[in-house]
Amino acid sequence: MSEIVLIAGTCFEEAKKTADRFRELGASVYELPTADDIAARDAVLNEIEKEGKLDYLIIQAEYRSEKTPVFGNLDYAEMSQLYSKSVCDTFDLIEASLPLLSKGKKRLGLITDASTSIREVTEAEDFGYAMASAGLHMIWKIYFNKLHPEGYTFRCFCPNPDGSGISTAEYMRMDFCFDEREQPLHSEENRLVMRDGWFREITW
């Protein structure tokens, strides 16, 4: 039976390319342009229900502010809407998908951007975007702590801006050695790791 993949955020180029690559690899792929359309989400999940499982849930939710400055007179209403669309709707999609994920490979993947990490620190234009990205990273941290003991695995990937290195789909599909006796420092599956296209570990 082919792997069943749901990719949310295919309004973004990277998520769309990832969906296409999974199809090339033989997976059955379902797409959601965004995670905030509840009717579309429920319709897709109903279709996946017929498959009997969901192996991968991969999300990209990198929405940018339209008018919020870095400092000064922040538009709190816009920032709240951005946070809700990026973080809250992602959380709701994960919660709705868990019953199907529990019957499959149990993998959650996030497509994100190293510019909002502590290591890169290059984001200097969009306070709302950086805030929402931090919220998405913390969702993965909380779900890792909650679901890792149940056999779920997590991928957090920052594709290289120039497209070099490994692709998002390749990283999301990678399986690593899992041994509960191994120290988290030396295990890709016993801790939450963010990597870029050159497989470098990115400090959160």
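This note goes through the predicted model point by point, from its overall make-up to single residues.

1. Basis of the note. The model is predicted, and local features are used only at pLDDT of at least 70, side-chain atom pairs only at pLDDT 80 or more, whereas totals for chains, interfaces and linings use all residues. Residues are numbered from 1 along each chain as its sequence is written, and side-chain values rest on heavy atoms, with hydrogens and water left out.

2. Overall make-up. The protein has 5 helices and 6 strands, where helices (H or I, at least four residues) and strands (E, at least two) are DSSP runs numbered from the N terminus. From that terminus on, the elements follow the order β-α-β-α-β-α-β-α-β-α-β. Of the 204 residues, 49% count as buried, buried being under 20% relative accessible area, exposed over 50% and partly exposed in between (1.4 Å probe, protein chains only). The accessible surface comes to about 10100 Å², of which 53% belongs to carbon and sulfur atoms; these areas come from the Shrake-Rupley method with a 1.4 Å probe, and for residues only the protein chains shown count as cover. Among contacts (heavy atoms within 4.5 Å) between residues at least 6 apart in sequence, 71% join residues at least 24 apart.

3. The sheet. Six strands form an open sheet in the order S2-S1-S3-S4-S5-S6, with parallel pairing, two strands being paired if DSSP finds at least two bridges between them. S2 and S6 are the edge strands, each pairing on one side only. Neighbouring strands are turned by 20 degrees against each other on average, direction ignored; axes here are lines fitted to C-alpha atoms, for helices over the stretch in contact, and angles run from 0 to 180 degrees between N-to-C directions.

4. Helices on the sheet. H1 packs on the sheet and touches S1, S2, S3 and S4, its direction making about 165 degrees with that of S2. H2 lies across S1 and S2 and likewise runs at about 165 degrees to S2.

5. Strand S3. S3 is joined to S1 by 4 bridges in the parallel sense, and S3 also pairs with S4, again parallel, over 5 bridges.

6. Nonpolar cores. A nonpolar core is taken as a set of buried Ala, Val, Leu, Ile, Met, Phe, Trp, Tyr and Cys residues joined through side-chain atoms within 4.5 Å. The largest has 39 residues, of which Leu6, Ile48, Leu57, Ile94, Trp140 and Phe154 touch the most other members. Two or more residues come from each of S1 (4–8), S2 (28–32), H2 (38–51), S3 (56–60), H3 (76–101), S4 (107–111), H4 (127–147) and S5 (153–158). A second, separate core of 14 residues includes Val5, Ala15, Ala19 and Ile58.

7. Helix H4. The 21 residues of H4 reach 30 Å from first C-alpha to last, close to the 30 Å expected at 1.5 Å a residue, the expected span being 1.5 Å times one less than the number of residues. Its buried residues include Gly128, Ala132, Leu136, Ile139, Trp140, Tyr143 and Leu147, and what covers the buried residues of H4 includes S3, H3, S4, S5 and S6 (194–196).

8. Two partly exposed residues. Gly26 is found in the loop between H1 (13–24) and S2 and is partly exposed, with a relative accessible area of 46%; Gly26 and Ile4, 22 residues apart in sequence, are 9.7 Å apart in space, C-alpha to C-alpha. Phe199, in the segment after S6, is also partly exposed, at 32%. Phe199 and Gly165 are 34 residues apart in sequence and 7.9 Å apart in space, C-alpha to C-alpha. Not counting residues up to four places away in sequence, Phe199 touches Ile166, Tyr171, Met174, Phe176 and Glu188.
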